Amino acid sequence: MASRTSRDVLGRGLAVLGVAIREQPRIFAVAVTGSVLFGAMTVASAFVVGAVVGDVVVPAIERGSVGVGALALAAVALFGISVLRVAGIFGRRLGAGYMQYRLQAAYRRRVTRRYLELPLSWHHRNATGTLLSNANSDVEAAWHPIAPLPFAVGTLVMLVGAVASLFATDWALALVGLAVFPALFALNVAYSRRMAPRQARAQRLRAEVSGIAHESFDGALVVKTMGREAQETDRFAARAGELRDALVSVGRLRGVFDPVLETLPSLGTLAVLVVGTFRLRQGAISVAELVSVAFLFTVLAFPVRAIGWVLAELPRSVAGWDRVRRVLDATGEMPYGDTTLDPADLRPAPLTFTGVRFGYEPAEAHLPGTEVLGEVSFTVPAGKTVALVGPTGAGKSTIASLAVRLVDPRAGTVALDGVDVRRLTAASLARTAALVAQVPFVFDDTVRANITLDRPGIGDDDVWAALRLAEADGFVAALPDGLDTKVGERGTSLSGGQRQRLTLARALAGRPRLLVLDDATSAVDPRVEAAILAGLRSSAGEPGAPAASILVVAYRRATIALADEVVYLEQGRVVARGTHAELLATVPGYADLVTAYEQAEVDHAKDETYDEVAPLNSGLEIEVDR
Ligand SMILES: Nc1ncnc2c1ncn2[C@@H]1O[C@H](COP(=O)(O)OP(=O)(O)OP(=O)(O)O)[C@@H](O)[C@H]1O
Ligand SMILES: [Mg+2]
């Protein structure tokens with residue numbers, strides 16, 4: 001079994017190399033040409049050295065005089081060969097380097113591009129640490145054997161040349177070559193076979209170590225506050241220890257094989273000298289020929305290793321390639337349609353859910369997926385505000401994701417401005433509907449860049465207008481560099497409520513016709529939250545101001561009360577619809593939830609854990625009263 005899989009690895013590894021050659025044929029040709037030139041010159045150098053010994057050294061010893069002409073000729077020949085060898089090495093190294101790094105860059109781009117194309121459901125199933133190692137160490141591993149590949153190909157050509165010139169010289173010496181070179185090759189193959197499982201294991205552990213590291217850094221806050229440093233360190237140390245053991249076992253194997261591989265050509269040289277001396281005595285070969293062949297074995301020892309390097313890297317390459325392909329071949333991306341909504345139309349767009357069913361795909365394919373939404377139907381009429389209320393886990397965020405098509409329903413339709421969202425182009429969808437997610441994400445960039453996201457046509461005036469609507473102009477104006485202030489990775493230099501308002505401003509700056517707010521202002525003072533929603537509602541219809549239909553996931557009574565209609569959700573089903581007052585009076589579950597939340601809110605406010613707003617946002621009271 002083990003040997004069958006390692007034979008597989010050899011075949012598949014060669015297939016990966018084939019892919020590389022097909023992708024970069026010209027650079028590969030340059031590198032191999034350089035390598036073959038080097039190989040040919042290496043064989044040639046052995047014969048020049050032989051000739052020098054036969055024609056210059058031996059006569060010098062016998063006669064005591066040096067043939068100046070022959071010496072000069074030999075010097076010129078050796079110099080010329082050296083120059084060509086250097087040129088060969090240069091071409092090979094440059095070509096191999098280009099090829100390797102170009103492939104790495106190309107595949108990193110492809111993998112990261114694919115990440116962005118794949119649907120959210122795919123991302124839910126794949127850990128961030130794994131994605132990082134796919135784009136980094138797996139891509140690197142896949143193309144690792146490219147560096148020694150041209151050398152190895154050149155060496156193969158060189159070996160054939162060497163054996164041919166051995167035959168041309170003497171059959172007995174050729175037999176020594178025929179015994180030694182294939183033995184070297186076989187030894188290299190055996191080496192790579194034993195290496196295969198060890199390398200694959202090391203590659204898998206590399207990904208796991210990177211995954212654990214990523215998770216601990218990402219969760220640094222939890223780790224620290226919960227006092228889990230020691231446990232996290234242990235968890236990391238355990239896996240890092242496994243990786244170390246795996247790499248040590250790779251090193252140990254290398255330690256056993258390397259000396260053998262190194263010694264074999266020397267034994268070959270010895271055999272040549274023994275056999276050669278007999279042949280010399282028989283008069284079958286000259287001193288020059290014997291020296292050439294002995295020298296040939298010595299100079300071949302090093303290049304032959306290149307074949308071993310490639311073979312030894314193949315298992316790791318296959319392991320990396322498999323992991324890269326898993327990303328590139330992943331399916332499930334959501335094809336976009338080709339319908340475009342009129343970009344000049346800035347009127348609020350209605351949103352309609354009709355009989356929408358949805359379930360998340362199970363983490364593993366064989367597990368049954370549970371239904372999260374069953375037959376959800378409701379409408380957000382153009383320019384109106386609908387509040388989505390329901391207990392935790394009811395499916396509110398899921399509805400928000402469906403509304404902007406982060407996921408597609410299993411059944412039913414989601415229509416934006418009367419068009420099934422699946423028929424819209426990606427650009428049209430992004431321009432028309434904006435989601436402000438439950439967990440705000442801020443890029444490590446300036447406030448301005450975070451709001452415009454390089455979308456065209458958003459000037460500083462628009463940025464400020466959006467910030468004003470999001471009640472964020474006060475604190476941004478108070479930042480040291482205003483719009484040019486860098487906010488740190490994930491916005492660490494901002495408070496939770498500031499981050500939320502920044503992401504809200506980002507959505508508003510794009511002038512969406514539908515705004516989906518998923519609990520997007522939960523960390524903001526309740527009065528400010530109400531002020532934001534009131535501002536958004538009243539700005540609808542004003543010339544130049546964002547005019548949007550709003551679907552808002554909310555808990556606070558003051559916020560919900562501003563909505564034109566409330567959709568009350570329980571366990572993925574719409575239980576009731578109506579105004580806040582109607583639901584309060586007729587739906588006991590709704591009344592309980594809203595009252596319970598209000599109570600918690602009062603307790604919460606007592607702790608004063610809300611984001612501070614008043615000191616920075618001096619115009620607050622006026623804006624609320626407006
Ligand atoms: N990525 C996911 N994979 C599998 N199940 C999920 C996923 N996200 C949510 N769920 C499940 O779907 C259901 C609805 O989740 P959703 O996030 O829509 O609830 P919610 O109403 O937004 O809750 P909350 O008020 O806590 O934000 C929950 O039972 C949840 O466990
Ligand atoms: Mg949610």
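A residue counts as buried under 20% relative accessible area, as exposed over 50%, and as partly exposed in between (1.4 Å probe, protein chains only). The structure is a predicted model, in which local features need pLDDT of at least 70 and side-chain atom pairs count only at pLDDT 80 or more, while totals for chains, interfaces and linings use all residues. Residues are numbered from 1 along each chain as its sequence is written, ligands are numbered from 1 in the order in which they are written, and side-chain values use heavy atoms, with hydrogens and water left out.

Ser397 belongs to helix α11 and Gln438 to the loop between β6 (433–436) and α13 (447–452), so the pair ties together parts that are 41 residues apart in sequence. Gln438 is partly exposed because its relative accessibility is 37%; Ser397, at 27%, is also partly exposed.

Ser397 and Gln438 also belong to the residues around ligand 1, among them His124, Tyr360 and Tyr555. Helix α11 (residues 396–403) gives the largest share of this shell, three residues. An oxygen atom of ligand 1 lies 2.7 Å from a polar side-chain atom of Ser397. For Lys396, an N or O atom of the side chain is 2.8 Å from an oxygen atom of ligand 1, and for Gly395 a polar backbone atom is 2.9 Å from one. The protein covers 63% of the 630 Å² of accessible area that ligand 1 has on its own (Shrake-Rupley method, 1.4 Å probe).

Technical notes
Near = heavy atom within 4 Å. Polar contact = N/O pair within 3.5 Å; in protein donor to acceptor, adjacent residues only side chain to side chain. Helix = DSSP H or I, 4+ residues; strand = E, 2+ residues; numbered from the N terminus.
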